[in-house]
Amino acid sequence: MTAMIQLSNVSKWYGDFQVLTDCTTQVAKGEVVVVCGPSGSGKSTLIKCVNALEPFQKGTILVDGVSVGDPKTDLPKLRSRVGMVFQHFELFPHLSITDNLTIAQMKVLGRSREEANDKGLKYLDRVGLKAHAAKFPGQLSGGQQQRVAIARALAMDPIAMLFDEPTSALDPEMINEVLDVMTGLAHEGMTMMCVTHEMGFARRVADRVIFMDRGHIVEDCAKEEFFGAPRGERAQQFLSKILQH
Amino acid sequence: MNYHWDWGVFFKSTGIGHEIYLDWFITGLGWTVAVAMVAWVIALILGSVLGVMRTLPNKTLSGVAGGYVALFRNVPLLVQLFLWYFLVPDFLPESLQVWFKQDLKPATSAYISVVVCLGLFTAARVCEQVRTGIEALPKGQSNAAYAMGFTLPQVYRHVLLPQAFRIIIPPMTSEFLNVFKNSSVASLIGLMELLAQTKQTAEFSANLFEAFTLATVIYFVLNMSLMKLMGWVENRVRVPGLIGSTGK
Amino acid sequence: MMDFSQIIPALPALTDGMLLTLRLLGLSVVGGVVLGTLLALARLSDRRVLSGLAKFYVNYFRSIPLLLVISWFYLVVPLIYNWLTGSFEPVGAFTSCLVAFVMFEAAYYAEIVRAGIQAIPKGQVNAAYALGMGYGQAMRLIVLPQAFRKMTPLFLQQSIILFQDTSLVYAVGLLDFLNTARSKGDIVGLPHEFLIFAGAVYFVISFGATLLVKRLQKRFAV
């Protein structure tokens, strides 16, 4: 398998404080990797390094062979090929749902309005929200907004998708509608890197699980191994806390 | 003491040409609006550019904008006006100096000075509003825009500024009103705007209560109308489902 | 080309001008805050007439230029003084300017005080009532002290603006700092130098005060 996302010895500091230490892992094409760990473990920071939303000081990250940290890299171009979904959805509140879906297609990829519209509406339909195309983000529920955000990212035809705690800002009854969309995506063979606490999702969908603690990658193994075999104390503690509720 | 009230004074002849006092007020209002509108356009454009600069990661650019704001907000408006009107022309190249001091009508050179002065003065205040508006947006918004491949100018153009300008309409409204009120300093360099015409009427007619009452009524009505106008603008650009603020 | 040396002999006069500016500022701030607080209390009162009047006062003064108020009061205050007392004693530009500033700034201070009072949770007033206090006591002992603490930075900011605005007394010929600098500059034939000097002094004072306020704000915030 070729690695779509390859991280080698990535380290990052905020001033004197080291948030990431020597993180090495990879996500193969078509693979679904779940990243978990306690809050403050650096998992969100790690995933934001992949599309250079966070700079890092040491190590290399390759996305489809392109080095993220290289100052010569065309970052907008690289980012336009990687979809990202955020904890707080981050739809643009001043734009209608349709405009949210099309703006980057037109302004970044240079697609025509018709093409962007067709593509956007196709994915909006896929996440089951075609009827809401003319509305504004503030008029949708959290779960609906997050599904639109996924459609928005998919409309860019990404080679991989990054999910940064996509369900942790949602009311419990809305979590599943979002996880269902993500599951469908995984079954279609999308390359996915997901920071999430949803261990049920990890158990069902993930190929591999990465466990982080205090900026280190402590566990990085196949799903079966992570949920089955004995593992480090911190991961055990974390899992028992997560699975209690 | 006897004060001779006469509310009909505005329709009396000024003794200069065929003008009645009301004509003076109308001319004055015209100058006031002409000063304020042009100064506001300058302030809006320059202030927005400076406001964006203030929020950029580039230290030099944000420092320049910060210095501009500190300078223009901490020197009294009247001092700035005197600098623009009395001092700056002396530092212009010879030909421009002749043009400004001799070829232009006195009213025109005063007008240019006050418009530049008020525009640059107000730009510093607009800058701070724009900056506040941009900084009030959640960090996730620019992250999301970058994540879709937007360049820095695109992030501002399509995501940050349209939202920031909506948020700051109320404070911008009061800056807009301030420009009209501040334009009255033009009377101190001889531009015959509303306040100057009022004083002149008070002196010529000796009906100073009536003159100043009319002036305050005009300012009051002007203020109310502009507020209505801005309220209409705010309504026009309102986004459904978004009341006053952005975010979750 | 510029000759700033002539400013030195003019320093005593400039100092007098600055003292007048500061005296006008100090008295206007005190008067404005007192009148402004009364206006804010009137505005928040249950009596409709009272709150209506206060609202009109505030809206009225906030919609007209300060310079108009200064010019008007300069002409009108002596007349009113004369009506009230029957005396023809001249009132003087300083007094008329002071009245103008107090009445004008009161409208701005009133809005600050009103926002400050409204920011105090209703529970505080209820607790004061529950302890048997009357309206006056609740305001004086409980609400206003808390409100004033929160409002201090805004008061100071407004006062820095007022400091700059005192230069508008130029319109009625009062010899404040700016006007002294202007006239001295004209006398010695160096208007530019004196104007730049005046601007620099205003800048240093209000920029310094702004920095100080920011620091105070940080300390209050923690």
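## Chain C at a glance

Chain C has eight helices and zero strands, where helices are DSSP runs of H or I with at least four residues and strands are E runs of at least two, numbered from the N terminus. This is a predicted model, where local features need pLDDT of at least 70, side-chain atom pairs count only at pLDDT 80 or more, and totals for chains, interfaces and linings use all residues. Residues count from 1 along each chain as its sequence is written, chains are lettered from A and ligands numbered from 1 in written order, and side-chain values use heavy atoms, with hydrogens and water left out.

The C-alpha trace of chain C spans about 70 × 55 × 25 Å along its principal axes. Of its 222 residues, 45% count as buried (under 20% relative accessible area, 1.4 Å probe, protein chains only). Take the contacts in chain C (heavy atoms within 4.5 Å) with a separation of 6 or more: 75% of them come from residues 24 or more positions apart.

## A helix pair in chain B

Over in chain B, helix α1 (residues 21–55) and helix α2 (residues 59–73) have axes that come within 7 Å and cross at roughly 130°. Those axes are lines fitted to C-alpha atoms over the stretch in contact, with angles from 0 to 180 degrees between N-to-C directions.

On the α1(B) side, Leu46(B), Leu50(B), Met53(B) and Arg54(B) meet a set in α2(B) including Leu61(B), Val64(B) and Tyr68(B). The contact residues divide into seven nonpolar, two polar and one charged.

Conventions
Ala, Val, Leu, Ile, Met, Phe, Trp, Tyr, Cys and Pro count as nonpolar, Asp, Glu, Lys and Arg as charged, and the others, Gly among them, as polar. Buried means under 20% relative accessible area, exposed over 50%, partly exposed in between (1.4 Å probe, protein chains only).
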